[in-house]
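Please look through the sequence and the structure shown here before reading on. The report after them goes through the parts one at a time.

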Amino acid sequence: MNAEAGARVDLHLHSTASDGVLSPTALIDAVATAGVTVCALTDHDTVAGLAEAAAAADRHGITLVSGIEVSVGHAGRTLHVVGLGFQPAAPSLLALIDSLAAARAERARDIARRLDRRGMPGSDMLGDLAGATVVTRTHFAREMVRRGLVADPGQAFKRWLGKGAPGYAPAAWPSLETVIAAIGAAGGVAVLAHPLRYTLSAGQRRELAREFRAAGGIAIEVCVGGQNPAQTEVAVGLCLRTGLEGSVGSDCHDPALPWQRPGRLAKLPAAIAAVWGRWQATPAGPASGDTNRDAASA
Ligand code: AMP
Ligand code: MN
Ligand code: MN
Ligand code: MN
């Protein structure tokens with residue numbers, strides 16, 4: 001990697017190990033083609049894609065940080081916490097993944113039953129999803145599209161799977177404290193994913209950021225795929241107010257979609273510490289001169 005050219009960073013990406021459309025290899029090929037030099041594969045509740053992604057990253061000579069996007073139950077909501085830089089075989093992480101898999105399996109059956117009752121063949125669809133590492137609502141949505149039962153995934157969420165829709169089922173996700181502790185015990189850092197995507201008032205969002213930090217959280221995603229500049233400003237403010245570090249991630253599920261293209265992200269302001277500095281060893285020092293850093297960075 002060339003320190004002068006700087007790094008292009010993307011620390012939130014999905015593959016077919018969860019609900020992305022590309023295999024880990026094809027995804028990392030696309031990420032490298034996009035000029036990304038430091039990335040993390042952050043599939044929902046699984047690390048099953050990491051070994052394959054690491055081999056692809058090696059072939060391209062880019063840095064892959066271990067990653068996962070963990071589902072969390074907090075104050076009646078589902079939050080997403082991205083874990084980065086952990087040891088994938090650490091017992092605390094494996095125990096966390098086991099509990100997430102159990103919660104997902106139970107919820108998938110619950111979703112299927114609710115759909116069945118409303119004349120949507122949920123259990124039959126679940127049967128066709130038996131090969132999936134984790135079953136997400138996106139899997140149900142794509143299955144509905146494949147069977148011609150809805151026009152597109154957006155309609156599947158609106159009519160069937162989103163909160164308040166007939167197929168929506170709650171899940172027994174682990175708590176914020178449990179998840180942050182497990183990531184930390186595995187040697188990783190916990191990042192609050194896409195803070196502007198939760199339905200929260202400004203005050204509630206600040207309180208969440210404070211709670212996240214108090215529980216051992218390290219960073220917040222500041223620059224997120226599909227986010228508008230005003231939202232990014234709010235995330236910047238959260239970081240500055242709480243002293244949390246900043247992360248950047250496209251949340252790419254499909255590189256063909258323009259709003260989630262890998263590595264195409266706003267720059268992290270110089271006043272915010274870049275979470276990826278700890279995985280970069282450049283002569284210019286951590287996280288300076290990056291494509292994802294504001295030029296004012298000293
Ligand atoms: P799950 O973790 O199983 O609840 O599934 C959540 C995933 O569904 C998210 O990570 C998104 O990728 C996807 N998703 C959520 N809402 C929508 C929506 N309205 N349209 C399309 N995909 C969505
Ligand atoms: Mn997803
Ligand atoms: Mn998410
Ligand atoms: Mn995601």
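## The model

The structure is a predicted model.

One sheet is open and has three strands in the order 1-2-3, with parallel pairing. Its edges are strand 1 (9–13) and strand 3 (63–65); each has a single partner strand, so one side of each has no neighbour in the sheet. On average, and with direction ignored, neighbouring strands here are turned by 20 degrees against each other. Strand 1 pairs with strand 2 in the parallel sense, over three bridges. Val 9 has Val 38 in strand 2 as its bridge partner.

Two helices pack on this sheet. Helix 1 (residues 24–33) touches strand 1, strand 2 and strand 3, and its direction makes about 155 degrees with that of strand 2. Helix 2 touches strand 2 and strand 3, and its direction makes about 160 degrees with that of strand 3.

Another open sheet has five strands in the order 4-5-6-7-8, and its pairing is mixed. Strand 4 and strand 8 are the edge strands, each pairing on one side only. Neighbouring strands in this sheet are turned by 40 degrees against each other on average, direction ignored.

Strand 4 and strand 5 (residues 77–84) pair in the antiparallel sense over eight bridges. Gly 73 has Thr 78 in strand 5 as its bridge partner. Helix 7 (residues 176–185) lies across strand 4, strand 5 and strand 6 (189–192), and runs at about 155 degrees to strand 4.

## Helix 3 and helix 5

Two packed helices are described by the angle between their axes and the distance between the axes. For helix 3 (residues 91–117) and helix 5 (residues 137–146), the axes come within 11 Å and cross at roughly 35 degrees. The crossing of helix 3 with helix 5 is right-handed.

Which residues make the contact? Helix 3 contributes Arg 107, Ala 108, Ile 111, Ala 112 and Leu 115, while helix 5 contributes Arg 137, Phe 140 and Met 144. Six residues of this contact are nonpolar, none is polar and two are charged.

## Manganese ion, ligand 2

The manganese ion (ligand 2) is coordinated by Asp 19 (OD), His 44 (NE2) and His 253 (NE2), at 2.1 to 2.2 Å. Along the chain, these donors follow the spacing D-x24-H-x208-H. His 44 is in the loop between strand 2 (38–41) and helix 2 (50–60), and His 253 is in the segment after strand 8 (245–249), so the pair ties together parts that are 209 residues apart in sequence.

Are His 44 and His 253 buried or exposed? His 44 is buried, and His 253 is buried too.

## Manganese ion, ligand 4

The protein donors of the manganese ion (ligand 4) are His 12 (NE2), His 14 (NE2), Glu 69 (OE) and Asp 251 (OD), and they lie 2.1 Å from it. The spacing of the donors along the chain is H-x1-H-x54-E-x181-D. Glu 69 in strand 4 (residues 67–74) and Asp 251 in the segment after strand 8 link distant parts of the chain, 182 residues apart.

Why does Glu 69 count as buried? Its relative accessibility is 0%, and buried means under 20% relative accessible area. Asp 251 has a relative accessible area of 7% and is therefore buried.

## Manganese ion, ligand 3

The manganese ion (ligand 3) is coordinated by Glu 69 (OE), His 80 (ND1) and His 194 (NE2), at 2.0 to 2.2 Å. These donor residues are spaced E-x10-H-x113-H in sequence. Glu 69 lies in strand 4 and His 194 in the loop between strand 6 and helix 8 (202–214); this pair links parts of the chain that are 125 residues apart. Glu 69 and His 194 are both buried.

## Distances between the ions

How far apart are the manganese ion (ligand 4) and the manganese ion (ligand 2)? They are 4.7 Å apart. The manganese ion (ligand 2) and the manganese ion (ligand 3) are separated by 5.7 Å.

Note on methods:
Residues numbered from 1 in each chain as written. Chains lettered and ligands numbered in written order. Predicted model: local features only at pLDDT ≥ 70, side-chain atom pairs only at ≥ 80, totals over all residues. Heavy atoms only, no water. Axes fitted to C-alpha atoms, helices over the stretch in contact; angles between N-to-C directions. Helix = DSSP H or I, 4+ residues; strand = E, 2+ residues; numbered from the N terminus. Left-handed = near helix turned anticlockwise from the far one by under 90°. Contact = heavy atoms within 4.5 Å. Nonpolar A, V, L, I, M, F, W, Y, C, P; charged D, E, K, R; others polar. Donors = N, O, S within 2.8 Å, 3.2 Å for Na, K, Ca; no water. Buried < 20%, exposed > 50% of the residue type's maximum accessible area, 1.4 Å probe, protein only. Pairing = 2+ DSSP bridges.
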